[in-house]
Amino acid sequence: MKTDAPSVPQSPDRRKAIARYHKTTPQNENTTMQRRHFLKSIALTGTAGLVLPRTRLFGADAPSNKLNVALLGTWGRGEAHFGALASENVVALCDVNEEHLAFAAKKFPDAKHYTDWRQCLDHQGLEAIVCCTTDHTHAFVANWAMNRGLHVYCEKPLANSVEEARLVRATYLKNKHKLATQVGTQRHAIENFNRVRELIRDGAIGELQEVSTWGDRQIPRPGYLPAQGEPPSYLHYDLWLGPSPFHPYNPGYFAGGPGMNCLSWNMYWDFGSGQVGDMGSHTMDLAWNAIDAGLPTSAEGKGDPFNPEVTPVRLQMHFDHPSNDWRPAIRVSWYQGGALPESPARFIDLKKIDHGALFEGTKGYLVASFDSRILFPNDRGADLTYYKPRTKETVLPPLGDFQKQWIHACKGNLKTSCDFDYGGNMIEMMLLGLVAYRVGKKISYDGAAGRVTDSPEANELLRCTYRPGWTLNG
Ligand SMILES: NC(=O)c1ccc[n+]([C@@H]2O[C@H](COP(=O)([O-])OP(=O)(O)OC[C@H]3O[C@@H](n4cnc5c(N)ncnc54)[C@H](O)[C@@H]3O)[C@@H](O)[C@H]2O)c1
């Protein structure tokens, strides 16, 4: 395992990219980008050597312009992508469970079947993949796919360690001129995300001071499940374990319903990061979209007593973020499993919001769930005369269909709202919080180097241990 995680510079133009993205509808941007791309191709190659990108002459949705895509993880969350993929060429299906392959084959009968994602990624003519496998394989699949020139949609969480998050982000940044990526935080398309961003950016609560997010799920587990029986013949259990250290088979890891089975394994350190990576990915996104943050300079975490096998149920994590060009330095927090930030008023019961965000500013508060919000001005001159609501013409445009946004991006403009730069930073921060929780003290972080500067013990925890034969960056 490498300890020299690549240095990932902050992306200085991330904010500008967001602003550019919000100024143009995906549709318009697509068309403009396609035209630009086409003209550039002609300029570069001349007409004799004209190599046309497969996008693009007749628009992203033209029948001739289908994407050759593979679905990895073909049941459960995988099924949520059937609709968006139905308009493309699904050329390959990959699942460690042959019954789940058969399930997806009913929808995509022409696709070739794989049980090992490493072989699937080498499918001839493949252009893009959607990854819905277990969390502990996401960074592997994403890195390997980008290294092969494939566009990637990866379900959340994007990584299972700080090192994984940094590598996925670095691989993406190297390839961002040619690849489209999207982390599967599809709630990002809810229009409330835009409204929250506008209120914060436009100063409805004055100058932003602090942001807290929380989720109330509680899934306690005592420890890894004991050996029980043999894996069924249709399940390639060793491939399911993949890079994870060995744990014996137990049907309990596979007992959840479709789209919920992740709750049967994601509490265990080797397979996931509990609610931090699960609902934390969605809920922190509500804040992340509004605060234009990069990596924190410190992290701390406290909660349930540390269990080396299972992630904590109750937990709170806090991060210091430097100022940027529109706000001062802020503190960003995540609370879970019953822990909550203090409510700004006795009559606002944060417990009633299962997953939410609280923004605190010099002139008041904004409390948001995924799809609604309350603005709560304080008594310190917060008469709202300083704040000008947007007009219908100036509100941020709706994102549209989240999965389709990525498909359009693969075919032309490469622009998505939750690319691996945006999502990579966010999950790196969250996973760093788990490291701070494990060492039980506040740690200082050098985000450019990817190093904890005051705890050698914490540095050791930035990475996972893998089984021999598995390479993160293959
Ligand atoms: N965006 C969302 O709202 C959302 C919702 C649910 C789940 N998810 C995410 O989707 C992922 C899958 O969750 P799930 O509940 O469907 O889990 P699951 O355990 O049901 O796995 C999904 C499918 O992937 C297959 N699979 C597992 N490991 C594989 C591997 N190494 N190679 C190929 N196939 C493999 C399984 O056999 C199954 O068919 C998780 O990372 C979870 O966080 C996201």
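1. In this predicted model, helix α11, which covers residues 279-291, packs with α13 at an angle of about 115°, and the axes of the two helices are 10 Å apart. The crossing of α11 and α13 is right-handed. On the α11 side the contact is made by G280, S281, M284, D285 and W288, and these meet M426, I427 and M430 in α13. The residues of this contact between α11 and α13 divide into five nonpolar, two polar and one charged.

2. Helix α13, residues 422-439, also packs with helix α7, residues 162-175; here the axes come within 8 Å and cross at roughly 165°. An angle over 145 degrees counts as roughly antiparallel, and α7 is therefore roughly antiparallel to α13. The crossing of α7 and α13 is left-handed.

3. As for the residues that form this second contact, V162, A165, R166, V168, R169 and Y172 in α7 meet a set in α13 made up of G424, N425, I427, E428, L431, L432 and V435. By class, the residues of the contact of α7 with α13 divide into eight nonpolar, two polar and three charged.

4. W406 deserves a separate look, and its place is in helix α12, residues 402-410. Is W406 buried or exposed? It counts as buried because 28 C-beta neighbours lie inside 10 Å, where 20 or more are needed for that label.

5. The surroundings of W406 include residues from elsewhere in the sequence: leaving aside its neighbours within four places, W406 is in contact with Y153, A180, Q182 and T416. W406 and T181 are 225 residues apart in sequence, yet their C-alpha atoms are 6.9 Å apart in space.

6. Turning to the ligand, 30 residues surround it, and the closest are G73, G76, R77, N261 and C262. The shell has ten nonpolar, 14 polar and six charged residues. Two helices, α6 (135-147) and α9 (237-241), each supply at least two residues of this shell.

7. For the protein as a whole, there are 14 helices and 15 strands, and of its 474 residues 46% count as buried. Among contacts between residues at least 6 apart in sequence, 67% join residues at least 24 apart.

Note on methods: Residues numbered from 1 in each chain as written. Predicted model: local features only at pLDDT ≥ 70, side-chain atom pairs only at ≥ 80, totals over all residues. Near = placed C-beta within 6 Å. Helix = DSSP H or I, 4+ residues; strand = E, 2+ residues; numbered from the N terminus. Nonpolar A, V, L, I, M, F, W, Y, C, P; charged D, E, K, R; others polar. Axes fitted to C-alpha atoms, helices over the stretch in contact; angles between N-to-C directions. Parallel < 35°, antiparallel > 145°, perpendicular 65-115°, else oblique. Left-handed = near helix turned anticlockwise from the far one by under 90°. Contact = placed C-beta atoms within 7 Å. Buried ≥ 20, exposed ≤ 12 C-beta atoms within 10 Å, placed from the backbone.
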